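Here's a quick tour of one chain, written for someone who likes to check geometry by eye. Have the viewer open and follow along.

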Amino acid sequence: MGRPGENIHKRKDGRWEARVVIGTPVDGKTKYKSFYSRNYQDVRTKKKEFLLTLNGLSTPAVGTMQAGIGTACVTAPDTMSASSLPAAPLSPEAYAQAALQSTMQSLSESPDQAIPFSDVARQWLTYKKLSLKESSYAFYSIMIEKHLLPNFGEVAVSDIESEQINTFLSTQKASGHAKNGGPLADKTLSEIKSILIRILRHAKSLHYISEVPDSAPVAVKKKATSVFTEQEMILIENKAREEDTAFAVGILLTAYSGIRIGELCALKWEDFDWANGTFHISKTISRINDVDGESDAKTHLVIGSPKTDCSNRTIPIPESVQKYFKDHAGDPSHYVLTGKDKFMEPRVYRARYARFLKRAGVKHHTFHTLRHTYATNCVEQGVNVKALSEILGHSDVSITLARYVHPSMELKKAQVNKLKTFANR
């Protein structure tokens, strides 16, 4: 099976087929250019070279191209005229945008044609790629390829009705897990439905359909989030100070700032402003699925901007621990977690963190629990919630309150003990 988003699949005759959309429906079917090979890498190379040829970025003569085994004819997309695309060579992103706009314009002029959901989904994905972070694009691609296309791919987008969507949601909830065929998590189901509705809204905006069908709501149960107790945090801090390593510094920095693991892994000492007692978050490290087939690996690491614009932020360091971190600061160009010019990726740090908790004699909790604990501790100490929201990198105070703030029973008791009896007021 080809990777999600590549549009490459293995045929029943054993050959690999790669397809590229080159024209719009004139007879009810989208026009494709297909490439064939007994070898997956060969057919992927043919497809890439074909796209480069269309874009004026490769050297084969106009009309033909040599790609691996055999010769493939180059047919310009029917929807691209001299007026719709610039004459000068385009970047891959600009080419995708121009081709998509031309295709959408042509299709919108023929609303009565049966346009497959798969075409609309890939149009929408191509359009969104221009503005999405790479990790978000990879997630959308996988959800579409694994869940939506197998169920709606060849169905005309105009034929999709409420009953089909509700049946799909019900089936996915019961047995939609891609790996084991078991139940699908409510949160994942909600995200899949959200993508489906956004694709259908895209179809409506292009006049492929008149209305987006209604569908049943997906209830997402909030998971009970945990925090470390005060005694557990004492054990964690004492063990981190005892081991006194760059790794341990990361544990304490998270405990006193609430940063995410990807942000921690990307942090360098040059990001600290000791004069003001702050540090700045501008990068994050994440491992994402390789949906475009740019390498032979299934995943790759990306150092990019934080989760949201609000996550690009400056965080104050508590005065009580400023000296500790300043004393451990190294070369400005080095990463905090390694003390070297090479970073540590999140999954490696998580594994080391799990072993650290065992050494500290603390029951295992996810690394994110340190973030939960920091937020809860701040609220219990009277930190302004709006200020806390900005420190955590949230776009809205309600997110901070709903997801991260979990008052302890001691705090609850202290609050209700302020109440006086009605008779003694």
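Helices here are DSSP runs of H or I with at least four residues, strands are runs of E with at least two, and both are numbered from the N terminus. The model is a predicted one.

**The overall picture**

On that count, the chain comes to 15 helices and 10 strands. Of its 425 residues, 40% count as buried. If you look at contacts in the chain with a separation of 6 or more, 61% of them involve residues 24 or more positions apart.

**Two helix pairs**

Start with α3 (residues 117-129) and α4 (residues 134-152), whose axes sit 11 Å apart at an angle of about 175°. Angles over 145 degrees count as roughly antiparallel, so α3 is roughly antiparallel to α4. On the α3 side, the contact uses F117, S118, A121, R122, W124, L125 and K129. From α4 come Y137, Y140, S141, I144, E145, L148, L149 and F152. As a reminder, an α-helix has 3.6 residues a turn, so residues three or four places apart point the same way.

Now jump to α8 (residues 246-255) and α10 (residues 319-328): these axes come within 11 Å and cross at roughly 150°. That angle makes α8 roughly antiparallel to α10 as well. V249, L252 and L253 of α8 meet Y324, F325 and H328 of α10. The crossing of α8 and α10 is left-handed.

You'll find H207 in the loop between α6 (186-205) and α7 (230-243), while D244 lies in the loop between α7 and α8. Then there's G382, which follows α12 and has a positive phi near 90°.

**Helix α12 and the cysteines**

Helix α12 covers residues 368-380, which is 13 residues. From first C-alpha to last, α12 reaches 19 Å, close to the 18 Å expected at 1.5 Å a residue. The buried residues in α12 are T369, L370, R371, H372, T373, Y374, A375, T376 and C378.

How many disulfides does the structure hold? The count is 0. A disulfide is a covalent bond between the sulfur atoms of two cysteines. C378 has a relative accessible area of 10%, so this residue is buried. C265 has a value of 1%, so C265 counts as buried too.

Y32 belongs to strand β3 (residues 31-37). Y32 and V21 are 11 residues apart along the chain, yet their C-alpha atoms are separated by 4.5 Å.

**Accessibility side by side**

| Residue | Relative accessible area | Class |
|---|---|---|
| C265 | 1% | buried |
| C378 | 10% | buried |
| D244 | 43% | partly exposed |
| H207 | 54% | exposed |

Definitions and conventions:
Residues numbered from 1 in each chain as written. Predicted model: local features only at pLDDT ≥ 70, side-chain atom pairs only at ≥ 80, totals over all residues. Heavy atoms only, no water. Expected span 1.5 Å × (residues − 1). Buried < 20%, exposed > 50% of the residue type's maximum accessible area, 1.4 Å probe, protein only. Disulfide = S-S within 2.5 Å. Axes fitted to C-alpha atoms, helices over the stretch in contact; angles between N-to-C directions. Parallel < 35°, antiparallel > 145°, perpendicular 65-115°, else oblique. Left-handed = near helix turned anticlockwise from the far one by under 90°. Contact = heavy atoms within 4.5 Å.
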